[in-house]
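Here is a short briefing for a reader new to this structure. Look at the sequence and the model, then work through the points by topic.

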Amino acid sequence: MSRTPGRRGLRARIVLGFAASTLLVSAVLVTTTWLLARSYVVEQREQALTQQAFADADVLRNRLSTAGADVGRVLGELVPFGDAEVVVRSGDDWYSSSLDVGGRDVPRALQEVVATGAAGALRVETADGPQLVVAVPVVSAGVEFYEVAPLGELETLLRTLAVVLGAGACVATLAGAGFGAWASRRAVLPLEQVAGAATRIAGGELSTRLPATDDPDLVGIVAAFNSMVDALAARISRDARFVGDVSHELRSPLTSLTTSVEVLATRRQELPPRAQQALALVEGEVTRLRVTLDDLLELAWFDGAGHVPDAVPVSMTALVREVLEGTGRPVELLDAGPEPETTVLGDKSRLERAVRNLLDNADRYGDGPVCVGVRRCEGSVVVTVDDAGPGVAPLDRERIFERFARAPGSARRSVPGAGLGLAIVAETTMQHGGAAWCAERPGGGARFVLSLPVART
């Protein structure tokens, strides 16, 4: 089955659809979850740090009220919450609980807020990571209290949460793709069954039917398909019976007519010249009709047969030699390869007829055969018949194997035969599991090829 480049199949589109849908839903859920979690965690953290800063500021105020105005000594005894550091401004002097922080770490905007007597908090970005600075004016002690708390752990937590959510989205997408692959197999399986059944039916297995199903969505399709195949098989069988019956019914009067013509032919010399011409014309047409009836009976047998009966080993080299000798053609036309094993399984009489039809076709349309080759090619035995005629146009190389097909440009009565010889060749090779085709002969002319599977030993 050919596929247009760049276009994906139905199964691939289903898998991609499931994966894309899962990815979209996961992305929305992950983004929403991360934003809500980030907002909640940051808010809770900032609230906790702010409350702790107010508590530390209250402790500083109480100690300053009992220890006097020695801010440095009181600040040295103050233990801030967690990793926070404290910066205190008393007048123009700055005091800090650590050498790592100082007045330089307090934003100017926050100092202006505290100068008005109001408390505030501000998140700042530093080289060491984000920090939250909480400012509390201690009016009774005449100082400004600033607590600097690092938010690095919070950022690490948020990054970890983002990675976990992203990984979850990827896993969900892969799971969606896996479910899509499973669903696509279940969805495409009925189509594959229909395609397989149609292929077998096209190959001649008219007994093929789709298995029964309890799927309510497929019951109608299965029933319609099987009904169509039943009708097709009945029609083909009826047509084959009709052709066979007509041929058989015509055989008796044709036999009588042939006998009468033969009787007249014994007295040919007693007839006047015009009667002799008429007798010759009748003899030719009777012969033509007999050959046509034989061909129709043969095709009717192919239409009704399901397999080759009584298949026996047949040497194609010996068979071709016998056909050449039996038809009065020179055996030197045979070009057999060095491979001795050219044996196939089949019906010898029908294979002989196929080869004879190819030779007759070469006589009628190709100025006679010039070479008949028999070769073994891998698992097949190939018989070729070359002629010295004008050849066959590429567009007509398949059509000439159809029933009642003739060479392009030939009139209906310009050559003998009804255009059934190559059709019998094609049916015979197909019935034996092989194929027949026409190609261009190197050097000019046509080459007709029979390919049959080699007999397995």
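Helix H7 spans residues 316–326, and its buried residues are Met316, Thr317, Leu319, Val320, Val323 and Leu324. Buried means under 20% relative accessible area, exposed means over 50%, and partly exposed lies in between (1.4 Å probe, protein chains only). This is a predicted model: local features need pLDDT of at least 70, side-chain atom pairs count only at pLDDT 80 or more, and totals for chains, interfaces and linings use all residues. Residues are numbered from 1 along each chain as its sequence is written, and side-chain values use heavy atoms, with hydrogens and water left out.

**Helix H7**

- Helices (H or I, at least four residues) and strands (E, at least two) are DSSP runs, numbered from the N terminus.
- Seen down the axis of H7, the buried residues fall within an arc of 165 degrees, so they line one face of the helix.
- That arc is taken from the directions that run from the helix axis to the C-beta atoms.
- Just after H7 comes Gly328, with a positive phi of about 75 degrees.

**The sheet**

- Five strands form an open sheet with antiparallel pairing, in the order S2-S1-S5-S4-S3.
- Strands S2 (93–96) and S3 (120–126) stand at the edges with a single partner strand each, so one side of each has no neighbour in the sheet.
- On average, neighbouring strands of this sheet are turned by 20 degrees against each other, direction ignored.
- Two strands pair if DSSP finds at least two bridges between them.
- Five bridges join S1 (residues 85–90) to S5 (residues 143–150), and the two run antiparallel.
- Val86 has Glu147 as its bridge partner in S5, and Val88 has Phe145.
- S4 and S5 are also antiparallel, paired over eight bridges.
- Here Val134 has Glu147 as its partner in S5.
- The hairpin of S4 and S5 has four residues between the strands, and Gly142 takes a positive phi near 70 degrees there.
- S5 is mostly covered, with seven of its eight residues buried.

**A helix across the sheet**

- Helix H3 (residues 108–115) lies across S1, S2, S3, S4 (129–138) and S5.
- H3 runs at about 140 degrees to S5.
- Contact means heavy atoms within 4.5 Å.
- Axes are lines fitted to C-alpha atoms, for helices over the stretch in contact, and angles run from 0 to 180 degrees between N-to-C directions.

**Aromatic pairs**

- Rings of Phe, Tyr and Trp (its six-membered ring) pair if their centres lie within 6.5 Å; planes under 30 degrees apart count as stacked, over 60 as edge-to-face and the rest as tilted.
- The count by this rule is four aromatic pairs.
- Phe18 and Phe179 pair edge-to-face, at 5.3 Å centre to centre and 70 degrees between the planes.
- This pair links distant parts of the chain: Phe18 in helix H1 (residues 10–67) and Phe179 in helix H4 (residues 152–202) are 161 residues apart.
- Phe179 and Trp182 form a tilted pair, at 5.5 Å centre to centre and 35 degrees between the planes.
- Both Phe179 and Trp182 lie in H4, three residues apart, about one turn of the helix.
- Phe18, Phe179 and Trp182 form one aromatic cluster.
- Phe18 is partly exposed at 30% relative accessible area, Phe179 is partly exposed at 45%, and Trp182 is partly exposed at 42%.
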